[in-house]
Amino acid sequence: MEGKICVGVDVGTHSTKVAILRGGEILATRVMRAQDPEAETPEAALRAMLAEAGLSWKEVSFTVATGVGRDTIPFAQRTRSEQLCHARGAYYHFPQARTVLDIGSEGVRAMRLNEKGEVRDFVCNSKCAAGTGAFLEVISEVLEVSIGEMGELALRAPGREMVSSYCTVFAESEVISLIHRGRSKWSILAGVIQAVAERSFELLKKIGLRPQVVLTGGGSQNPGLKKALEEMAGEEMWVPPEPQIIGALGAALWGEVLTISP
Amino acid sequence: MIEEFEKTIQDRHQAAMQWKEANQKKVFGYLCCLTPETILHAADVLPVRIFGSPEKLQVADEHLVPYGCRYAASCLDLAARGVYDYLDGVVIPNSCDLISKLEYWWKELVPRKGPTLAGVELCPYVLYIAYPEKRTGRKVLDYYKHELREFKQALERGLRREITDEDLSRAIAVYNEHYQLMGQLKELRKRSPLPISGSEAWQIEYASQLMPKEQHNRLLKGQLDQLSQGTKAASGVRIFLSASATDVVNARLYQIIEKAGGQVVSEDISCHTSYYGNTIQTNGDPLTAIAQHSLEIDCPRSTETCSPATYPYPTSRWDRTRSRLEGYNAQGAIFYIINYCECRAIEYPYLRDKIREELDIPVLLLQGDYSLEGLEQVRGRIEAFVEMIGG
């Protein structure tokens with residue numbers, strides 16, 4: 001495979017993602033948990049990934065960083081916002097994408113794209129973490145369920161409890177009181193996921209829900225959340241492969257653009 | 001930027017106190033653009049705008065509702081902590097709901113008596129101006145003229161001096177020169193490349209509300225001469241900024257926009273001197289001219305939405321907003337609305353839709369709590385917005 005090598009690094013709140021592109025094709029991706037003290041630094045991860053692919057650091061044409069910690073990557077030539085990177089990453093997989101919803105750990109963003117994949121408008125969640133991935137993580141600890149299986153378990157719930165979504169701390173208290181009242185764990189989970197979906201759906205309504213809607217970010221791996229959003233919207237939503245690395249992929253794709261006209 | 005502007009901005013309180021000491025004259029503080037500064041100037045008083053501070057509230061929080069504008073609360077908080085003790089008087093117009101209530105709270109938390117004669121207070125320390133709710137109508141001018149006459153008489157009693165028509169005309173001349181010079185600055189900001197950055201233009205505007213207008217006019221003239229030569233250029237995505245309150249929080253907003261690759265080329269900011277688009281008429285009764293001019297102020301508090309049954313849309317605000325966008329070739333519009341600022345929040349959806357539909361310009365809404373930390377949380381959105389436009 002020939003072509004220039006571009007790297008994207010997405011420094012999120014809970015994880016750092018790295019994507020390497022060669023000639024516009026995905027060569028390698030990696031996700032490192034931010035809280036893991038054993039986790040590689042982005043630079044070490046990139047070096048290892050390049051070595052595995054038989055490439056050297058010098059062969060990288062351009063590196064773009066994105067995410068909340070994008071300014072902490074010294075080897076990145078440029079930075080790009082999450083909105084632009086997720087849109088570009090989603091458009092790479094699905095050129096039909098006109099609305100992209102990125103459900104990240106502490107941020108949810110909805111972007112409206114034109115037919116060229118350019119962002120024409122975006123909206124973000126308010127400062128509070130309610131309705132984001134962090135909210136789900138808090139609840140997963142309370143319910144003693146792994147974050148990965150939350151969505152599947154919620155899909156099997158016989159019913160759905162009502163949980164408010166406007167404050168993570170209050171919602172946590174609500175969940176604890178529901179447990180004390182003996183409500184089913186699965187129904188509580190279904191209620192929590194519904195609450196997150198409602199918050200995210202508000203953003204989709206604000207931006208104007210235009211098909212095709214594409215979900216990105218770690219939250220989009222949750223099948224319960226996807227189903228709840230689809231029910232609210234009344235249409236199917238698409239999830240790209242490895243949705244959590246879409247920001248890094250988008251950043252690497254921006255590298256291809258910026259290396260031409262930095 | 002001019003050193004004197006910077007010096008005044010860096011310590012506005014010190015600058016006012018020094019002026020007072022050097023000139024042995026009175027300094028009055030005022031809230032909002034609705035205050036008729038010219039009458040204070042005619043009385044030989046230095047009017048300085050009362051601003052807040054992004055510091056945490058220490059006193060006012062105990063007294064004001066939590067669901068109120070933090071900017072207004074901060075102004076009161078500084079007063080209650082003695083920061084504004086150098087003021088010889090305070091003028092509060094009934095602009096928005098919370099500012100109107102500050103008259104009461106100012107008296108409560110800063111209990112100072114105005115000058116007295118034989119034990120009788122001649123003029124209250126806090127002067128209230130009942131600006132009309134509706135700015136148009138058969139009797140509005142008469143009413144407001146009467147209100148301003150009472151305000152003038154209170155000042156005359158308190159200062160023990162007459163404010164003659166000649167005094168008013170002299171003040172009008174100084175302020176008209178100021179409006180004209182600020183108009184020239186606005187014209188320069190229409191140019192491309194931009195001869196002055198948004199934050200430098202902000203400094204000029206901010207300083208104009210804190211220093212004597214004669215001094216500001218003199219300094220600005222020199223600055224305009226330099227700028228018109230076009231030796232400097234500021235680059236970036238051209239942004240229109242609409243925001244509550246003009247002070248250090250807004251200053252940080254300008255910096256964030258510039259760091260993200262944008263430049264503010266025009267604005268619509270509460271209590272900005274830019275509100276005075278027109279000059280005051282110089283033929284006829286000066287007090288009538290001041291009242292007329294004041295009634296033309298384009299403030300979100302005084303839109304047609306004050307009478308929603310008759311005028312559901314703030315059309316006059318749209319006309320002005322349109323002119324602030326079109327002539328300046330703005331590529332994007334940012335609205336920064338302080339939480340609970342209902343005047344701006346009410347008009348926002350209409351203005352946003354008009355900007356998008358008629359001008360095809362993207363709009364970004366930011367909401368804040370009047371803190372510098374709060375601005376850091378919207379930094380990412382500003383960066384994304386500027387990138388979205390600039391590519």
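This is a predicted model: local features need pLDDT of at least 70, side-chain atom pairs count only at pLDDT 80 or more; totals for chains, interfaces and linings use all residues.
Let us begin with chain A, where five strands make an open sheet of mixed pairing, in the order 3-2-1-4-5. Strands here are DSSP E runs of at least two residues, and helices are H or I runs of at least four, both numbered from the N terminus. Two strands count as paired if DSSP finds at least two bridges between them. The edges of the sheet are strand 3 (25–33) and strand 5 (78–79) of chain A, each of which pairs on one side only.

Residues are numbered from 1 along each chain as its sequence is written, and chains are lettered from A and ligands numbered from 1 in the order in which they are written.

Within the sheet of chain A, strand 1 (residues 5–11) and strand 4 (residues 60–66) run parallel and share six bridges. Cys6(A) has Phe62(A) as its bridge partner in strand 4 of chain A.

I turn now to chain B, which is divided into domain 1 (3–165) and domain 2 (167–390); these bounds come from an automatic or database domain assignment. The centres of the two domains of chain B, taken over C-alpha atoms, are 23 Å apart. To their contact, domain 1 of chain B brings 43 residues and domain 2 of chain B brings 47 residues, where contact means that C-beta atoms, placed from the backbone, lie within 7 Å. On the domain 1 side, helix 6 of chain B gives the most, with six residues.

Strand 2 of chain B pairs in parallel with strand 1 (residues 27–30) of chain B over four bridges, and Val27(B) has Leu46(B) as its bridge partner. The chain passes from strand 1 through helix 3 to strand 2 of chain B in a right-handed β-α-β crossover, that is, clockwise from the first strand over the helix to the second when the strands point away from the viewer.

Definitions and conventions
Two residues are in contact if their C-beta atoms, placed from the backbone, lie within 7 Å.
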